[in-house]
Structures are given as C-alpha cells and as structure tokens.
Amino acid sequence: MRRKVWLAGICLFVVLLIWLIWESVSLQVTKYQVSSENLPKAFDGYRIVQVSDFHNHRYGADNAGLLEEIKKLRPDIIAVTGDVITNSRDLKTDNTPNFLRRLTAIAPVYYVPGNHEAWTPEYPRLERQMRDAGIHVLRNEKVVLQKGTDTIELLGVDDPAFAEESFVDDAAAMDAALQKLCDGSHCRILLSHRPELFDQYAAHHIDLVFSGHAHGGQFRLPGIGGLYAPNQGIFPKYSGGLYRKGNTQMVVSRGLGNGFFPIRIGNRLELVFVTLHTENGR
C-alpha cells in the first residue's frame, strides 16, 4: 500500500513538472478586434502583430516556428514593445538580432526599448544593428502611417528607465515625453513598454496603446488574473489583456520570453494579433 502511494505521488509530481514546463515554454496566439471612432476608413481591417518581452527566447532553430506563426497572420506592421533582451549575456549570441532582422521580411517593424535595454550598457550596439536591418526605432518619436489619403500617427516612447535623474518618477518622465509628441489630431497609436502608466496615456488622449512588461503577472489565478508584476506589485491592475479608460484602449502582452524568472503558471507565452476597425466596421 505504501509503495502504491509513493508511486502515485511520483507520477503526480512528474505530471505537474511536465505541465509547468509546458506552461512556461508553449506559445499562445491571442487575437483582439479593436474599434475606434477616430480610425480613418482606409485603416479598417488593419492588422498589427505585437512582439513584446522576447528576452532572447528561442523558438527552435532560428526561431522558425515563431516566425512562421507571425507570417501566417499577414500583419500590415509588427510592433515590438521592448525587452527583446534581458542583459549583456544575451548579446553574446546572434539569436535576438537575427530574429528581429527576419521580422522585416514579413512586414515593416516598429520598435521601442524597454527597461532591460536601458539597463544593458551594450544596448546601443543592438540598436545600431536594428536600424541597419531597416527596423524603425522610435525613441520618443513618431511616424505617419498612410493608406491612400488617410493617415494615422504611430508614436514610440522610451521606457522611463532611460529618463534623466531630474524626473521625480516614471509618470513625470512619461508625461514629458508624450507632451512633445501629442500635438496632432490624427488617430494615435502608441508603443510604450509600461502598462502601469495607463492614466498618462489616457490623459494625452491616445487612441490605442501597445504595452508589455508585466509578463502576465507571472502566475495567473482563475477569476483574479496576474499575481505579481514589476512596478505594480501584488495583484497588478494591468497584467495582460485589453483595457479601456475613456476613449483610450490598451493592449498588454503577456510576453514571448521569461526574463530572470523562468516559471509561469496559467500564463502561456503570448503573441498578440490586433485587427483595427472603424466604429462601424465590425
């Protein structure tokens, strides 16, 4: 009898271990339909793939599996919202630069850096590689996307970890960056790594924000959501999903990599796919 109990316990442990490993390495594609009354008619059906918090992860040889998933979605643009690396060690291989370069063969790529890039002294070398590969690096900058005669503004801001010490806090740094960029009347899409600054995005009347950073709360509890996220703490408000405040909507990716902490529970790695619609386009 005792031996059967031990065997049952060992079997249960093995099953749980396999499940934990699967949860921490398997990929989920999450699709959102996002409507906005400010979206020009020509952009109805516009397709955006979000790549966030890659953290130098490997999806097989040359990341072929992930690249194929992105290619099948046929995006108009690819938005990369920071933390493509974790630290300097990641730049000793070509995994991340090669992955980002291959993205440009699928669709135009727009990138903003995250806090891990700010913490990595060698990051400027990676940024040069991205620019040389044709990636649009937005460092507190904006570009205009055009379809026919219609246009929308795409804004990209640095993670607050890049900000000068003169700023009191992250919110002040973000306010300063957005104040310089939000001077037009076009529909605005913002790429920003930090979801906890949603109040600032809404205050500047951004239409749609793409963010990451929270890693889905690492452990996700049914009916509750994420357990912990950086800069938000226990039971974070914005850990993964689609959020709305007034006329501002924010998509928060759970991320494609794991950073320093390799285990996830109830929280698979995530590739985000968003289709834009005019208010009457759905």
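Start by selecting residues 77-81, which make up strand 3, together with strand 2. In this predicted model, the two strands run parallel and are joined by four bridges. For one of these contacts, click on Val 49: its bridge partner in strand 3 is Ile 78.

Stay with strand 2, residues 47-51. How many of its five residues are buried? Four of them are, so to speak, tucked away: the strand is mostly covered.

Now look to the other neighbour, strand 16. Strand 2 pairs with strand 16 in the antiparallel sense, over four bridges. Pick Gln 50 here, and you'll find Val 272 as its bridge partner in strand 16.

Next, select residues 269-278 to show strand 16, and look for strand 1 beside it. These two pair in the parallel sense, over ten bridges.

Time to zoom out. Which order do the strands of this sheet follow? It reads 1-16-2-3-4-5, an open sheet of six strands with mixed pairing. Strand 1 (27-36) and strand 5 (136-137) stand at the edges; each has a single partner strand, so one side of each is left without a neighbour in the sheet.

On to the helices. Select residues 64-72 for helix 2 and residues 95-103 for helix 3. Their axes come within 11 Å and cross at roughly 20°. Angles under 35 degrees count as roughly parallel, and that is therefore how helix 2 and helix 3 lie to each other. The crossing of helix 2 past helix 3 is right-handed.

Show the side chains where these helices meet. Helix 2 brings Leu 66, Leu 67 and Ile 70, while helix 3 brings Phe 99, Arg 102 and Leu 103. By class, this contact has five nonpolar residues, one charged and no polar ones.

To finish, select residues 150-156, which is strand 7. Strand 7 pairs with strand 6 in the antiparallel sense over seven bridges. Click on Val 143, and look for Leu 154 opposite it in strand 7.

Terms used: Residues are numbered from 1 along each chain as its sequence is written. This is a predicted model: local features need pLDDT of at least 70, side-chain atom pairs count only at pLDDT 80 or more; totals for chains, interfaces and linings use all residues. Side-chain values use heavy atoms; hydrogens and water are left out. Two strands pair if DSSP finds at least two bridges between them. Axes are lines fitted to C-alpha atoms, for helices over the stretch in contact, and angles run from 0 to 180 degrees between N-to-C directions. Angles under 35 degrees count as roughly parallel, over 145 as roughly antiparallel, 65 to 115 as roughly perpendicular and the rest as oblique. A crossing is left-handed if the near helix is turned anticlockwise from the far one by less than a right angle, and right-handed if clockwise. Contact means heavy atoms within 4.5 Å. Ala, Val, Leu, Ile, Met, Phe, Trp, Tyr, Cys and Pro count as nonpolar, Asp, Glu, Lys and Arg as charged, and the others, Gly among them, as polar. Buried means under 20% relative accessible area, exposed over 50%, partly exposed in between (1.4 Å probe, protein chains only).
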